[in-house]
Amino acid sequence: MIPDEAVLAAAMREAVAESRAALGGVSPNPAVGAVLLAPDGTEIARGHTQPPGGAHAEIEALRRAGDAARGATAVVTLEPCNHTGRTGPCAQALIEAGVARVVYAVGDPNPTAAGGADRLRAAGIEVIAGVGALDARSGPLRGWLFRQRFGRPLVTAKVASTLDGRIAAPDGTSQWITGPQARARAHRQRAELDAIIVGTGTVVADDPALTARLPDGTLHAHQPIRVAMGERDIPDGARIRDATVGGFRHVRTHDPVEVLAALDDTTWVLVEGGPGIIGAFLDADLVDEVDSYVAPTILGAGPSAVERAATITLADATELHLAGVERLGDDVLIRSVCDRLLP
């Protein structure tokens with residue numbers, strides 16, 4: 001008995017959901033999810049990529065399934081790898097486990113690891129490609145796929161502003177422009193990122209922790225690398241330096257290209273400020289999407305969310321595409337993407 005198309009599509013959605021648990025903790029490897037199905041379509045086991053040096057998603061699922069993997073269908077978000085690195089080839093592990101077929105969403109674009117599908121077919125295993133490809137590409141794999149294509153991490157710029165685009169009052173007060181639901185949403189995103197980038201001016205002025213926190217103030221299990229870019233010295237007691245919470249890097253440059261080059265072990269980073277840093281990344285054409293949290297508040301004065309010396313007329317403006325709008329209590333999250341992220 002072979003699980004039908006609807007069952008395979010549902011299993012792929014579960015594999016994509018499972019892969020979310022790997023986000024932020026497995027770079028520079030891809031965040032992959034795998035689900036093993038019995039011949040009648042019921043789930044046997046699932047798994048996701050472990051931190052570098054650990055098991056890939058397929059191996060995790062096979063380990064949990066044990067002997068029940070024989071004759072099963074493996075549903076994986078990325079084509080099983082075909083090379084030996086810190087771990088062995090997943091394609092060979094699936095062959096040895098005796099699975100009957102492998103279903104995957106996205107082919108592996110890395111020439112070093114590609115070829116798993118051919119290896120499986122050569123061993124007599126049925127292979128079905130492309131199931132749920134759109135969901136997989138737009139899900140936890142997207143940062144890794146972006147790096148494979150463009151050679152740098154996916155860059156999201158985040159701003160939180162009033163209706164009139166202000167991020168602080170004229171007297172400098174800026175805390176809690178948005179409400180608790182928007183803040184919780186932003187912290188969940190931090191827990192999935194590899195790194196957060198801010199300018200040294202923001203660090204010195206605001207002393208941000210840049211941690212990913214739950215609504216009760218406790219920390220998420222994963223914490224992003226905190227990155228300060230700029231020439232200013234960072235005080236020894238700055239919260240961004242806290243070695244007990246994630247990592248810290250000071251990249252002494254104002255050049256966004258150099259900053260991303262120093263983050264060669266990341267696949268998804270967030271540029272969080274200040275306004276001049278976001279402007280510098282925009283001027284360098286290094287912003288791939290913008291998450292704009294807008295509060296129903298009007299200040300009428302105060303610093304703007306983005307400062308760009310290069311923008312003088314509308315002809316110099318950066319054109320983005322609306323990708324989604326999400327209501328978060330009284331606030332709204334507007335997500336916009338550049339051409340590079342269009343399907």
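**Notebook: fold, sheet, cysteines and annotated sites**

I began with overall size: the protein chain has 343 residues and a radius of gyration of 22 Å, which agrees with the value near 20 Å that a compact globule of this length would have. The model is a predicted one, and I read everything below with that in mind. Along the principal axes, the C-alpha atoms fill a box of roughly 70 × 45 × 40 Å. I noted ten helices and 13 strands in the protein chain. Of the 343 residues, 49% count as buried. I also looked up contact range: among contacts with a separation of 6 or more, 70% come from residues 24 or more positions apart.

I traced an open sheet of five strands in the order 2-1-3-4-5, with mixed pairing. Strand 2 and strand 5 (126-129) are at the edges; each has a single partner strand, so one side of each lacks a neighbour in the sheet. From one strand to the next, the twist averages 15°.

Then I went through the pairings of strand 1. Strand 1 (residues 33-37) and strand 2 (residues 43-48) run antiparallel and are joined by five bridges. I checked L36 and found A45 of strand 2 as its bridge partner. The hairpin of these strands has five residues between them, and there G41 takes a positive phi near 90°. With strand 3 (residues 73-78), strand 1 is again antiparallel, through four bridges. Here V35 stands opposite V75 of strand 3.

What packs on the sheet? I found helix 1 (residues 5-19), which touches strand 1, strand 2, strand 3, strand 4 (101-106) and strand 5. The direction of helix 1 makes about 140° with that of strand 1.

**Entry: cysteines**

I searched the whole structure for disulfides and found zero. C90 is buried, with a relative accessible area of 0%. I looked at C338 as well, and it is buried at 7%.

**Entry: binding-site annotations**

One "binding site" set in the record holds S174, R190, D206, L210, R213 and E272. I picked L210 from this set. L210 sits in the loop between helix 8 (200-206) and strand 8 (225-229). Is L210 buried or exposed? I have it as buried, because its relative accessible area is 3%. Leaving aside residues up to four places away in sequence, L210 touches R190, I196, V198, P224, R226, I240 and E272. R190 and E272 are also listed in that UniProt set.

The other "binding site" set in UniProt lists A160, W176, T202, G274, P275, G276, I277, I278, G279 and A280. These positions span 121 residues of sequence and are spread in space too, with up to 25.1 Å between C-alpha atoms.

I looked up two members of this set. W176 is in the loop between strand 6 (154-162) and helix 7 (180-190). W176 counts as exposed because its relative accessible area is 54%, and the threshold is over 50%. T202 lies in helix 8. Beyond four places away in sequence, T202 touches D207, P208, G273 and G274.

How values were computed
Residues are numbered from 1 along each chain as its sequence is written. This is a predicted model: local features need pLDDT of at least 70, side-chain atom pairs count only at pLDDT 80 or more; totals for chains, interfaces and linings use all residues. Side-chain values use heavy atoms; hydrogens and water are left out. UniProt positions are given in the numbering used here, feature names are shortened, and annotations may be inferred rather than shown by experiment. Helices (H or I, at least four residues) and strands (E, at least two) are DSSP runs, numbered from the N terminus. Buried means under 20% relative accessible area, exposed over 50%, partly exposed in between (1.4 Å probe, protein chains only). Contact means heavy atoms within 4.5 Å. Two strands pair if DSSP finds at least two bridges between them. Axes are lines fitted to C-alpha atoms, for helices over the stretch in contact, and angles run from 0 to 180 degrees between N-to-C directions. A disulfide is a pair of cysteine sulfur atoms within 2.5 Å. The radius of gyration is taken over C-alpha atoms; the globule rule is 2.2 Å times the number of residues to the power 0.38.
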